[in-house]
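Open the model in your viewer and keep the selection panel at hand. Each stop below says what to select and what is there.

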Amino acid sequence: MQYVPFGRTGLTVSVAGLGCGGNSILGLAKGKSEAEAVQLVRAAFDQGVTLFDTAEAYGTEGVVGEAAKQIGRDKVIVASKARMREDGEFITAAQLEAKLDASLAKLQTDYIDIYQLHAVTPAMVEHVEEELVPALQAAKAAGKIRHIGLTETSPHDHDQLTLQRVLPTGVWESAMFAFNLMHQGARQDVFPLTEKHGVGTLLMFVVRNVFSQPGVLQQTVKELVAAGQLPEKLADDPEPLGFLIHESGAASLLDAAYRYGRHEPGAHVTLFGTSEIAHLEANIASILRPPLPAADRKRVAKIFGHLKGVGLDLPTRAKAPKH
Ligand SMILES: NC(=O)c1ccc[n+]([C@@H]2O[C@H](COP(=O)([O-])OP(=O)(O)OC[C@H]3O[C@@H](n4cnc5c(N)ncnc54)[C@H](OP(=O)(O)O)[C@@H]3O)[C@@H](O)[C@H]2O)c1
């Protein structure tokens, strides 16, 4: 595993982070048991992963807490999140405090390393800054959380306006946002801010459906051609990103996608979600491989660099997703 400093937090994190939500929610979405999910977390730790990203909304805090207890709480970095709404209303400071206490109990711990406000829309920013930031700071002063973070809601904020608004305040220590082969806007809009303010970065939507499910990329490209956003010649290309796969390049589309995220300047943790140990091992191996060749990265930026919002699907699990 490779480890990097996480912004100004003083934490050192593994470059591969296990996402405990997404389509797979550690396999729980596919009928696996909590005991199997604990094994998946432990397998990730055995491969050197130290950062685990869960949330109130995922229903996996209990699993992460159990695995952390078995591994040793001080050996892992636990990130969790609070939902921003209750009964359709923005949460209050008191509700945030209650959520944090509930998360601590589920995680069987007395501190959360990175506590994040989950899926903050641009419309929530004012409320977050006025009502919730003081509550987060109080929780930090009380030792219940070590670092304050926030995640964007990528499917509803393609221009990453939330992060562009909040990061210059210098309050945030961690930011989670989307970046992938066909959604590269963070290079201009977010990374310069995270670098400037020493904010730790967690990349999501690096793969999701478009780079993992057969046919989704081809269909997506067809639609982008029809919308005039990609050149006509790509419409019937069976492998629109096939140029990335060659002997000195990527081994597969997934390999290309994870390596592309991992090596973006300013990226600290590349999150991946899975329900399968074999996928976990393959993804970690990809994240640890060198950057894609410079010529390939240049071509990706040239053909797809202007796109926004590609691959930001809501989770494809049976349970109704929130974000
Ligand atoms: N707003 C937010 O805060 C927010 C939103 C989205 C995501 N996130 C975080 O980011 C994490 C990562 O996102 P994500 O879960 O969508 O992960 P992802 O790595 O972008 O995509 C995971 C999808 O790809 C599949 N997959 C993974 N590895 C594979 C492999 N080697 N071969 C074939 N298929 C593979 C998974 O299915 P299998 O189960 O079959 O492997 C799953 O369907 C989440 O778990 C969550 O922690 C946060």
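Start at the ligand. Select every residue with a heavy atom within 4 Å of it, the cut-off for "near". The ligand has 29 residues around it, and the closest are Asp53, Arg208, Tyr258, Thr274 and Ser275.

Before going on, note the ground rules. This is a predicted model, in which local features need pLDDT of at least 70 and side-chain atom pairs count only at pLDDT 80 or more, while totals for chains, interfaces and linings use all residues. Numbering starts from 1 along each chain as its sequence is written, and side-chain values use heavy atoms, with hydrogens and water left out.

- Select Lys30: an N or O atom of its side chain lies 2.7 Å from a ligand oxygen.
- Select Gly19: here a polar backbone atom is 3.4 Å from an oxygen of the ligand.
- Select Ser212: an N or O atom in its side chain is 3.3 Å from a ligand oxygen.

How much of the ligand does the protein bury? On its own the ligand exposes 900 Å², and the protein buries 93% of that. Accessible areas come from the Shrake-Rupley method with a 1.4 Å probe; for residues, only the protein chains shown count as cover.

**Strand S3**

Now select residues 16–19, which form strand S3. Helices (H or I, at least four residues) and strands (E, at least two) are DSSP runs, numbered from the N terminus. Ala16 and Leu18 point one way, Gly17 and Gly19 the other. In a regular strand the side chains alternate between the two faces of the sheet. All of these S3 residues are buried. Buried means under 20% relative accessible area, exposed over 50%, and partly exposed in between (1.4 Å probe, protein chains only).

Two strands pair if DSSP finds at least two bridges between them. S3 runs parallel to S12 (residues 269–273), joined by 4 bridges. S3 also pairs with S4 (residues 51–53) in the parallel sense, over 3 bridges. Centre on Gly17: its bridge partner in S12 is Leu271, and its partner in S4 is Leu51.

S3, H1 and S4 make a right-handed β-α-β unit. A crossover is right-handed if, with the strands pointing away from the viewer, the path from the first strand over the helix to the second runs clockwise.

**Strand S10**

Jump to residues 174–178, strand S10. 5 of its 5 residues are buried, so S10 is largely enclosed by the rest of the structure. Ser174, Met176 and Ala178 point one way, and Ala175 and Phe177 the other.

Pick Ala175 and look to both sides. S11 (residues 200–204) runs parallel to S10, with 5 bridges joining them. S9, H5 and S10 make another β-α-β unit, right-handed.

**Salt bridges**

Switch to charged side chains. Side chains of opposite charge can pair when their charged atoms come close. A salt bridge is a side-chain nitrogen of Lys or Arg within 4 Å of a carboxyl oxygen of Asp or Glu. The whole structure holds 15 salt bridges.

Select Asp159 and Lys308. Their closest N and O atoms are 3.2 Å apart. This pair links distant parts of the chain, 149 residues apart: Asp159 is in the loop between S9 and H5, Lys308 in the segment after H11. Asp159 is partly exposed at 38% relative accessible area, and Lys308 is partly exposed at 36%.

Select Arg289 and Asp255. Their closest N and O atoms are 2.5 Å apart. Arg289 lies in the loop between H10 and H11 and Asp255 in H9, so the pair ties together parts that are 34 residues apart in sequence. Buried or partly exposed: which is Asp255? Asp255 is buried, at 2%, whereas Arg289 is partly exposed, at 33%.

For the last stop, select Glu56, Arg83, Glu86 and Lys99. Salt bridges link these residues in a network.

Note on methods: Polar contact = N/O pair within 3.5 Å; in protein donor to acceptor, adjacent residues only side chain to side chain.
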